[in-house]
Amino acid sequence: MFKNLSLISSEAVGIGHPDKICDQISDKILVQCLKNDKDSRVACEVFASNHLIVIGGEISTKSYVDVTKCAWDVLLPLGYNENDFTILSNINKQSPEISDHVNKKNHLGSGDMGIVYGYATNETSEYLPLPYVLATRIIFEINQMTRKHQLKGLCFDTKCQVSIYYDENNFPVQIDNIILSIQHKKDVNLDSLFNKIVMRILKPLAKKYKMNTDFKITFNNGGNFILGGPFADTGLTGRKLMVDTYGTIAHHGGGAFSGKDYTKIDRTGAYFARFIAKNMVANNFADRMEVQLVYNIGDYTPTSIYINCFGTEKCQIQKIYKIVNKTFDFELSNIVKKFDLEKFDFTKTSIYGHFTNLNSNSNYPWEKIFKIK
């Protein structure tokens, strides 16, 4: 039916996945630090394995934060109890040498060197790749129905992969397969649950995005999935980088987001690069765009900018560079101010991606679109 098809896949994981548990705890601690001290410097990492959770990293703040309570605030709603984990804290202060680079008199300096990417495509209303959007929305709907007890017998450790055929114009044309792994309780009728997920979630979402509904489905291919979360697999903050961003289509600089305050360029720079790419595509300067920003420690603007439109630009690439440089303010302190990151609730971004915004009624500030002349 279609010629020259390419098969592209993306994955998403649920709120009970061990890596996502760690991301949520890291961002919970970050937000509590910023709540009482907007100048907090936070780089918080969490490790979860079996019955042990270790909270580490560097935090300098004037506020008191009970990091153990932050962990339990994440774990208890997932069905765990206080006998399930021993929680250890090993928090240190931010290096004074790094602090000197960041806390400058007139400017806010980057907390580290780093390369970050932002990406946007007009193939979906979210300006995100369709395999990524579908995988994330499927997991979101499953977790929501599990939380509301509309899908009884399911737990929160979930994973989904979606593979979609793209045509020669790099546009999605057909879903090939969807793979699901979902933790469940004992004595659950998996066939009944599978049918409910297909009819209530998978097919309606495929129709919403004008895709076919005759795709292949694999459900719990390994058999029973009763033991989940940190009891079955080790979790670590920042290990689901592609789940947090664009799936497999766009580049990733390699730096994680969760647990890092707004001076960490891995996070703030990636948000700003996405802001640029999305607005340029939304204003029809290109069908697809990837923005690379390169930072040096202590600098308040990027040392270099690279833009790739993959041949879809609607004007000369030199003009696009000029428009980007004229339209967007790259100074770190101004980015923080524009996105109001000193007061932002970063826990919203810990699950379902940092750009999809499925668990909030309002858009993230870096997702807002404005008119570019």
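1. Start at Leu34. Leaving out residues up to four places away in sequence, Leu34 touches Ser40, Tyr262, Leu341, Glu342 and Phe346. Contact here means heavy atoms within 4.5 Å. Leu34 sits in helix α1, residues 18–36. Helices (H or I, at least four residues) and strands (E, at least two) are DSSP runs, numbered from the N terminus. Leu34 has a relative accessible area of 5%, so it is buried. Buried means under 20% relative accessible area, exposed means over 50%, and partly exposed lies in between (1.4 Å probe, protein chains only). Ile164 is 130 residues from Leu34 along the chain, and their C-alpha atoms are separated by 41 Å.

2. What is the model? This is a predicted model, in which local features need pLDDT of at least 70 and side-chain atom pairs count only at pLDDT 80 or more, while totals for chains, interfaces and linings use all residues. Residues are numbered from 1 along each chain as its sequence is written, and side-chain values use heavy atoms, with hydrogens and water left out.

3. Confidence comes next. pLDDT is the predictor's confidence in each residue, from 0 to 100. The protein chain averages 92, and 94% of the residues score at least 70. Which element has the lowest mean pLDDT? Helix α3 (residues 96–102) does, at 60. Strand β9 (residues 235–236) has the highest, at 98. Where pLDDT is low, the predicted coordinates should not be read in detail.

4. Now the overall build. The protein chain has nine helices and 11 strands. Its radius of gyration is 21 Å, close to the 21 Å that the globule rule gives for 373 residues, so the chain is as compact as a globular protein of that length. The radius is taken over C-alpha atoms, and the rule is 2.2 Å times the number of residues to the power 0.38. Along its principal axes, the C-alpha trace spans about 65 × 55 × 30 Å.

5. Burial and contacts follow. Of the 373 residues, 55% count as buried. Among contacts with a separation of 6 or more, 72% join residues 24 or more positions apart.

6. Trp72 is in helix α2, residues 67–75. Its relative accessibility is 12%, so Trp72 counts as buried. Beyond four places in sequence, Trp72 touches Pro77, Asn81, Glu82, Phe85 and Ile87. Trp72 and Phe85 are 13 residues apart in sequence and 9.4 Å apart in space, C-alpha to C-alpha.

7. Leu78 lies in the loop between α2 and β4 (86–92). Is Leu78 buried or exposed? Leu78 is buried, because its relative accessible area is 14%. Its contacts, leaving aside neighbours within four places in sequence, are Ile15, Gly16, Ile21 and Phe156.

8. Two backbone angles deserve a look. Most residues other than glycine have a negative phi. Asp340 has a positive phi, near 55°. Tyr352 has a positive phi too, near 65°. Asp340 is in the segment after α9 (332–339), and Tyr352 is also found in the segment after α9. Asp340 is at 40% relative accessibility, so it counts as partly exposed. Tyr352 is at 5%, so it counts as buried.
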